[in-house]
Amino acid sequence: MAGVTRRGFLGTASKVGGAAALGITAAGPARAASSAPATTSTTVAAVTVTPGDPRYLDLTARGYNARFAAKPDSVRLVHSTDQVVAAVQEAVSGGKRIAVRGGGHCLDGLVDDPDVRILVDMSEMDAVTYDAARRAFAVEAGAMLGHVYRTLYLEWGVTIPGGTCPTVGVGGHVSGGGYGAMCREYGAVVDHLYAVEVVYVDASGTARCVVATRDAADPNRELWWAHTGGGGGNFGIVTRYWFRSPSATGSTPSTLLPKPPATLLKASASWKWSDLTEADFNRLVRNHNNWHHANNTVGTPYDSLNSVFILNNYVQGALVLSAQIDGSLANAGALMDSYIAAVADGVAAPHTTATSSWPWLKATLKDPYDTGVFNRGKFKGAYLRQSWSDAQLAVLWRGLSDKTYDGHAGILLYTYGGQVNSVAPGATALAQRDSMLKANFTTYWSDPTQDARHIAWMRSLYRDMYADTGGVPLPDGAADGSYINYPDTDLTDPAWNTSGVPWQTLYWKGNYPRLQKAKKTWDPRNVFHHALSITA
């Protein structure tokens with residue numbers, strides 16, 4: 001969205017292959033005749049970058065959160081699935097821990113872990129093509145969302161309902177569930193996932209490749225399911241996704257995925273902190289949350305609405321509501337005006353508004369996510385099924401109105417629900433299917449000597465927000481747990497999660513046992529693991 005970020009700042013068709021699907025037995029994946037995948041050969045060899053190479057710093061510093069820095073023995077730039085198989089086999093044979101990086105937007109230290117010795121960098125695998133045999137669009141896992149949106153739209157006039165940050169990598173975004181600006185109208189991105197190609201390691205320690213689809217008769221279907229919200233780095237390394245909407249028929253590419261609107265009507269409304277009273281703050285947040293609770297079903301005039309209410313802290317000057325809606329609607333302007341008026345209703349503090357019309361692609365490719373020198377952060381998440389209580393609003397007011405806190409903090413309330421909620425919780429690994437909003441708690445700073453202070457501020461705010469449920473947003477109440485793509489290792493710590501509810505339940509609810517079974521089947525040696533990974 002123009003002018004704001006989720007972090008709280010203002011401011012070719014190529015030949016597509018894939019391994020033939022392997023058989024699976026009750027004991028796990030069956031051995032294939034060959035572990036080599038049937039992928040396109042490449043003239044570009046894999047590149048190994050070690051600490052003495054001048055490229056090493058660029059590749060190890062690609063992570064979004066500068067609090068964490070990778071220090072592997074080598075970074076492997078791969079260009080094909082067979083190169084990924086080779087890198088994984090080398091790691092397993094040598095007893096070296098391996099991790100994978102796509103776009104680099106992991107918010108916690110899951111990839112940039114000092115124990116990782118081989119880091120597979122997927123960024124050179126970014127092809128977006130149409131696979132006629134599968135009647136689906138093939139997207140290599142190193143592609144960034146902006147590249148995917150541009151290619152799908154310009155070549156075929158379609159898109160996937162993914163995230164609003166164009167530099168996020170597809171690999172982790174999709175496997176974590178994926179949501180974005182079009183989710184109310186078209187659902188989560190995983191609701192359009194047809195197949196996934198994965199490099200995994202079998203019980204004998206052999207690296208192999210498999211393609212798993214959502215087809216009911218596919219013996220590998222559970223591996224597909226596990227990648228519809230189970231999170232990255234759990235079962236193997238994803239090398240390619242295929243997308244086709246579940247209701248799509250025929251083989252005409254332009255009919256197989258959603259079509260975005262030609263234009264977007266965008267609007268923003270701002271309330272200065274210097275004008276706000278606590279009563280105004282509470283009224284604004286209640287109005288916003290209550291509106292979403294009342295407009296959370298499919299088929300309303302607001303299906304195409306996407307908004308984020310950025311509850312910035314005092315040092316950033318203002319609260320900002322940023323919204324967009326299908327600009328081709330005859331009443332788009334009236335709908336937007338009504339939405340902003342509903343949020344502002346009864347608030348004494350004045351607000352300023354600005355509106356503009358943008359071509360869909362231009363607006364979608366705009367990148368407002370560079371946080372500049374504020375490159376260190378602490379992040380947390382929560383789903384909202386109901387509005388926050390008076391006690392929770394009081395916690396927010398105290399924390400955000402504190403003029404002495406100099407971190408760039410904010411709670412971002414993202415539009416959710418609609419078509420997302422039409423899918424059963426067990427149909428995908430993404431279990432949260434009746435929420436109205438998604439919250440991203442963020443704080444940023446630049447000085448590494450101040451890490452402890454800023455982390456403590458965020459931890460305390462979050463604990464106090466969910467004081468009635470053990471310091472965490474328990475599922476199936478007013479909240480509904482959290483989102484694995486907002487990873488937060490504090491949830492594993494009984495000092496901060498005093499609820500007695502396992503952290504896995506907060507992310508996956510009742511889907512966790514099924515994910516454990518998939519983990520046992522496809523990664524029996526636990527080759528792929530991190531601080532928030534699934535354990536068999």
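**View 1. S268 and its bridge partner A354 in β15.** This is a predicted model, where local features need pLDDT of at least 70, side-chain atom pairs count only at pLDDT 80 or more, and totals for chains, interfaces and linings use all residues. Residues are numbered from 1 along each chain as its sequence is written. Strands here are DSSP runs of E, at least two residues, and helices are runs of H or I, at least four, numbered from the N terminus; two strands pair if DSSP finds at least two bridges between them.

**View 2. The seven-stranded open sheet.** Its order is β15-β12-β14-β13-β17-β18-β16, with antiparallel pairing. β15 (352-359) and β16 (376-384) are the edge strands, each pairing on one side only.

**View 3. Helix α7 lying across strands.** α7 (residues 278-294) lies across β12, β13 (306-312), β14 (318-326), β16, β17 (408-415) and β18 (437-445), and runs at about 155 degrees to β13. Axes are lines fitted to C-alpha atoms, for helices over the stretch in contact, with angles from 0 to 180 degrees between N-to-C directions; contact means heavy atoms within 4.5 Å. Helix α11 (residues 451-465) packs on the sheet too, touching β16, β17 and β18.

**View 4. The four-stranded open sheet.** Now the order is β3-β4-β6-β5, and the pairing is mixed. At the edges, β3 (47-49) and β5 (98-101) each pair on one side only. Inside, β4 (residues 74-77) and β6 (residues 118-121) pair in the parallel sense over four bridges, and S74 has I118 as its bridge partner in β6.

Definitions and conventions: Side-chain values use heavy atoms; hydrogens and water are left out.
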